[in-house]
Amino acid sequence: MFKVKAYATPAPDAPLAPFSFERRDPGPHDVRIDILYCGVCHSDLHQARDDWGGSLYPMVPGHEIVGRVVAVGEHVTKFKAGDLAGIGCMVDSCRRCEPCEAGEEQYCCEGFTGTYNSRERETKNLTFGGYSEQIVVEQRFVVKVPENLDLKAVAPLLCAGITTYSPLRHWKVGKGQNVGIVGLGGLGHMGVKLAKAMGARVTMITTSPEKGKDALRLGADEVLVSRDDEAMKKARGKFDFLLNTIPVGHDINPYLALLKLDGAMVLVGALTALDPVQGVNLIFGRKTVAGSLIGGMAETQEMLDFCGEHNIVSDIEMIRIDEINAAYERMLKNDVRYRFVIDIASLKA
Ligand code: NAP
Ligand code: ZN
Ligand code: ZN
């Protein structure tokens, strides 16, 4: 065992504060990684504050992790000391069920083991995430990071990137399609960049006219302000596909109206109850509402390679670890452009 410094929260209503704990020494299949950068996902905030129930404390959040390998176990073939490595939302799963065998570990029938706010399958010890100096993870759940990208801006790809890439691929988004990305935050801005790189015509659908202007710089072809009733009316029946990243329960009926015949809207943000859906809004137009959860390990690697090829990274604002509580408050006010990333050097100092 070895000691690591971290930031943790002891309870839903407490701020994050310095904390230290012990990690296991690398086993035969494990990779020990010195963390360089960790992105701040809205899910960190949801779980730290127990928005979804069942949170485990103390909690060291962080599942957008990029670092360098410092040691590997004897059976590790994918990595050697000095390599770049990434870790996302999962560190384990049952590996035997149908989804696991299909490489969709995020849908493991026994539930995947989260990078934090979860328990290790064998020891039942709490898992602790990336707001920490180092992490030890089995190689199957570690991905290779392209060398050509700006490392600190790669970190958010490990959750925001894969969570938007996976549904765009699953619903075969591409050339000739009108795609709308709802909510311009960490996930939304990655959705715009990825859908654009896949060849779609992309509209950013935002509550903020101010941020909307910026969406064009991020690569969106058009902007639709969801609070502008007239503009929403004009856009009815326009979209083949909508990716909805709104982090709270809301009324999806106005967005369903934007879909054309056979259109689909995929929810990735709201885990809690939605307002009632009018059946007529689905039936007239044979429309689909679906959900999607991160992506499997193979697909996460595919996404990173795709980003390497297309030179895609996140737009980030770097923070020190002691600024994390203020960053959470800003995230609650939709005031992030477009992902906070913690410089883990500030924790080691
Ligand atoms: P974020 O950076 O805070 O962005 C969310 C954006 O949604 C905001 O910037 C805002 O965009 C819009 N928004 C917020 N409240 C809204 C409201 N009441 N009505 C309409 N729009 C609203 O969050 P994020 O990190 O992208 O995460 C988004 C959600 O996805 C979170 O709930 C997170 O837990 C979840 N998530 C899910 C998965 C998965 O696997 N499914 C993975 C990661 C995260 P505008 O200012 O442009 O309107
Ligand atoms: Zn996340
Ligand atoms: Zn499984």
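**Stop one: the second largest pocket**

Start with strand E8 (134-138), which gives the second largest pocket the largest share of its lining, 4 residues. A pocket is found on a 1 Å grid over the protein atoms alone: an open set of points where a 1.4 Å probe fits, with protein on both sides within 12 Å along at least five of seven lines, and lining residues have an atom within 4 Å of a point.

Before going on, note that this is a predicted model, where local features need pLDDT of at least 70 and side-chain atom pairs count only at pLDDT 80 or more, while totals for chains, interfaces and linings use all residues. Residues count from 1 along each chain as written, chains are lettered from A and ligands numbered from 1 in written order, and side-chain values use heavy atoms, without hydrogens or water.

The second largest pocket has a volume of about 680 Å³, that is, the space filled by probe spheres set on grid points joined across faces, edges and corners. Now pick Arg24, Asp30, Glu120, Thr123 and Val136: of the 26 lining residues, they are the closest to its centre. By class, the lining has 9 nonpolar, 7 polar and 10 charged residues.

**Stop two: the largest pocket**

Jump to the largest pocket, at about 1,100 Å³. Select His42, Ser43, His46, Leu187 and Gly269, the closest to its centre among 47 lining residues. Helix H1 supplies the largest share of that lining, 4 residues. What takes up this space? Ligand 1 does, in the sense that more than half of its atoms lie within 2 Å of the grid points.

**Stop three: ligand 1**

Show everything with a heavy atom within 4 Å of the ligand, and you get 27 residues, with His42, Thr206, Thr207, Ile294 and Arg339 the closest. H1 (42-48) and H5 (186-197) each put at least two residues into this shell.

Which polar contacts (N or O pairs within 3.5 Å) can you click on? The Thr206 side chain has an N or O atom 2.5 Å from a ligand oxygen, and a polar side-chain atom of Arg339 sits 2.6 Å from a ligand oxygen. At Gly269, a polar backbone atom is 3.0 Å from a ligand oxygen.

How values were computed. A polar contact is a pair of N or O atoms within 3.5 Å; within protein, one must be able to donate a hydrogen and the other to accept it, and residues adjacent in sequence count only if both atoms are side-chain atoms. Ala, Val, Leu, Ile, Met, Phe, Trp, Tyr, Cys and Pro count as nonpolar, Asp, Glu, Lys and Arg as charged, and the others, Gly among them, as polar.
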